[in-house]
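The sequence and structure come first.

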Amino acid sequence: MAKKLRRHVITMIATAGSGHPGGSLSAADIIAALYFKVLRHNPENPHWADRDRFILSKGHAAPILYAALAETGYFPVAELATLRKLDSRLQGHTDSKFTPGVEMSAGSLGMGLSFAIGVAMAARLDSRTYRTYVLLSDGECEEGQTWEAALSAAHFKLDNLTAIVDYNGMQLSGWTRDIMNLEPFTRKWQAFGWYTIDIDGHDFDQILSVCQEAEKIKGKPTLIIARTIKGKGVSFMENNVAFHGKAPTWEEAERALKELK
Amino acid sequence: MAEASTRETYGKTLVELGRQNKDIVVLDADVSPSTMTTFFAQEFPDRFFNCGLEEQNMISIAAGLAASGKIVFASTFVVFAICRCFDQLRLCLSQPELNVKIVATHGGITVGEDGISHHAIEDLALCCALPGFTVVVPADAIEAAEVVRVAATAHGPFYVRLSRSKTPIIYPDGYHFTLGKAVTMKQGTDATIIAMGIMVAKALEAADILARQGIDCRVINMHTLKPLNEAAVVKAASETGAIVVAEEHLAQGGLGSRVAQTTAKEKPVPMEFVNLGDRYALSGKAEELLQRYGLTARDIEESVKSVIKRK
């Protein structure tokens with residue numbers, strides 16, 4: 001299924017003529033695991049009060065989320081071709097007003113973890129058992145607000161919150177370690193009071209098992225550091241910063257789709 | 001004139017609302033003894049969250065709570081809530097149209113001695129720039145209570161600006177506030193003073209002084225800046241032929257700009273503006289600052305006289 005979602009990403013972005021393939025491809029396995037195995041959700045009733053919440057903080061990875069929402073039935077797969085077009089429900093960055101299944105409007109980085117805290121607090125206030133998942137990029141951990149949120153999620157002991165970092169090591173203009181080094185990353189989150197798990201973010205079974213593990217942790221939030229490869233699945237996009245925010249040409253898209261067969 | 005604190009009224013009204021509706025949640029950024037959300041915190045500790053000195057985090061948390069069905073009041077000082085958090089207000093509240101009420105205290109220069117880092121004089125321009133936001137500045141404690149009650153029931157993002165200092169009571173008990181409908185405090189035919197917040201009491205004072213000189217001024221409390229009651233502006237322009245706008249804010253982007261945009265389009269008349277201009281103030285006592293920076297009844301009186309000459 002992750003491969004199918006990746007194919008959608010390539011086709012959508014090539015059709016739109018703009019978008020961010022790299023960060024969508026790196027998150028494909030995480031998104032596939034969540035939407036097809038982990039989340040309790042009901043695409044026919046996107047506002048079901050007890051649904052697990054998935055919040056995409058790295059809003060530029062909208063295409064991979066849209067692909068998963070379409071494949072799980074929130075809207076027709078054919079609608080993916082309207083990405084970024086005028087009057088489409090599929091805006092360039094996620095917009096909760098328009099797209100069924102999108103929980104948060106995103107696009108300015110560093111806000112999603114805070115938003116997820118509010119959602120997790122509401123679950124506790126209403127004695128609901130839903131879990132809140134939020135996907136961050138490693139680059140957006142340079143935003144100060146991410147660390148405000150890291151402090152407060154631990155302070156409020158939100159054990160119904162699982163954050164996942166799509167740690168692909170790259171951002172718009174290069175390697176994260178060169179632009180603003182985040183390491184020692186895991187130890188930082190531990191010091192902030194989180195339960196942390198490091199995994200291979202392309203290993204489907206590992207993703208499933210750590211999501212289950214997180215549910216058992218009490219008294220603190222869990223951070224899954226998913227080590228990924230930017231552009232994963234398309235040889236000429238992998239670890240290639242040029243495809244952070246650039247659409248493939250049709251010729252490139254065809255090559256990519258061949259590789260993703 | 002009797003005085004009362006708008007922020008104390010806010011705190012007490014929140015408790016009243018909290019008793020009526022269990023979906024009301026209150027956030028503060030470690031200034032609850034000053035914003036007076038402390039009353040709510042004492043009565044409803046489970047529904048109150050002190051977010052510490054993390055204002056940006058607080059606004060986005062408020063958005064997450066609102067997206068989950070809560071009616072969220074988020075409070076801190078205006079400079080932190082609005083000036084520091086503009087991007088969060090924009091992306092997390094304005095764009096998704098979420099039901100969060102920013103009720104911020106310590107608006108304007110009457111914060112006084114704390115100085116310009118704490119003088120909030122750009123906030124109205126910032127919030128009025130946000131589509132979907134309702135922006136209200138109550139003129140006294142009685143109006144503040146009404147505004148908070150209305151904010152709790154109306155859907156969508158609100159910004160309510162309150163003051164640090166006590167403000168003169170200008171309304172009788174039982175006053176009924178209607179969102180977006182300006183209040184004509186005094187009828188008049190020679191010119192209209194349109195004011196908000198603490199400047200309404202000063203406008204009434206100026207109108208009294210002018211009346212003794214034979215000048216008959218209308219006074220309008222334009223408590224809601226957004227959406228602006230354009231009909232009241234046009235009516236005032238048509239019937240009195242001259243307008244003075246008085247506000248505790250910079251010249252740009254606040255009430256004066258919004259009223260002028262309306263008159264320019266619908267009914268151009270001579271206008272004068274009583275505001276802070278394009279500058280920061282200094283530390284000092286609130287009344288001293290109002291004198292120094294031209295926000296007194298006397299300043300309004302002079303502006304009315306000048307605007308009438310231009311009719």
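## Contact between chains A and B

In this predicted model, the contact draws 21 residues from chain A and 25 residues from chain B. On the side of chain A that touches chain B, the elements giving two or more residues are helix H5 (112-125) and helix H6 (144-155) of chain A. H5(A) gives the most to that side, with 9 residues. By type, the residues on the side of chain A that touches chain B are 10 nonpolar, 8 polar and 3 charged.

## Open sheet of chain B

Chain B has an open sheet of 5 strands in the order E9-E11-E10-E13-E14, with mixed pairing. Its edge strands, strand E9 (183-186) and strand E14 (271-274) of chain B, each pair on one side only. On average, neighbouring strands of the sheet are turned by 25 degrees against each other, direction ignored.

E9(B) pairs with strand E11 (residues 217-221) of chain B in the antiparallel sense, over 3 bridges. Lys186(B) has Val219(B) in E11(B) as its bridge partner. Helix H11 (residues 255-266) of chain B packs on the sheet and touches strand E10 (191-195), strand E13 (243-246) and E14 of chain B. The direction of H11 makes about 155 degrees with that of E13(B). Helix H13 (residues 297-309) of chain B also packs on the sheet, touching E10, E11, E13 and E14 of chain B; the direction of H13 makes about 165 degrees with that of E14(B).

## Met237 of chain A

Met237(A) sits in the loop between strand E7 (222-227) and helix H10 (250-259) of chain A. Met237(A) counts as buried because it has 25 C-beta neighbours inside 10 Å, and the cut-off for buried is 20 or more.

Leaving out residues up to four places away in sequence, Met237(A) touches Pro21(A), Gly22(A), Leu25(A), Gly231(A), Phe243(A) and Ala256(A). Pro21(A) is 216 residues from Met237(A) along the chain, with 8.3 Å between their C-alpha atoms.

How values were computed: Residues numbered from 1 in each chain as written. Chains lettered and ligands numbered in written order. Predicted model: local features only at pLDDT ≥ 70, side-chain atom pairs only at ≥ 80, totals over all residues. Helix = DSSP H or I, 4+ residues; strand = E, 2+ residues; numbered from the N terminus. Buried ≥ 20, exposed ≤ 12 C-beta atoms within 10 Å, placed from the backbone. Contact = placed C-beta atoms within 7 Å. Nonpolar A, V, L, I, M, F, W, Y, C, P; charged D, E, K, R; others polar. Pairing = 2+ DSSP bridges. Axes fitted to C-alpha atoms, helices over the stretch in contact; angles between N-to-C directions.
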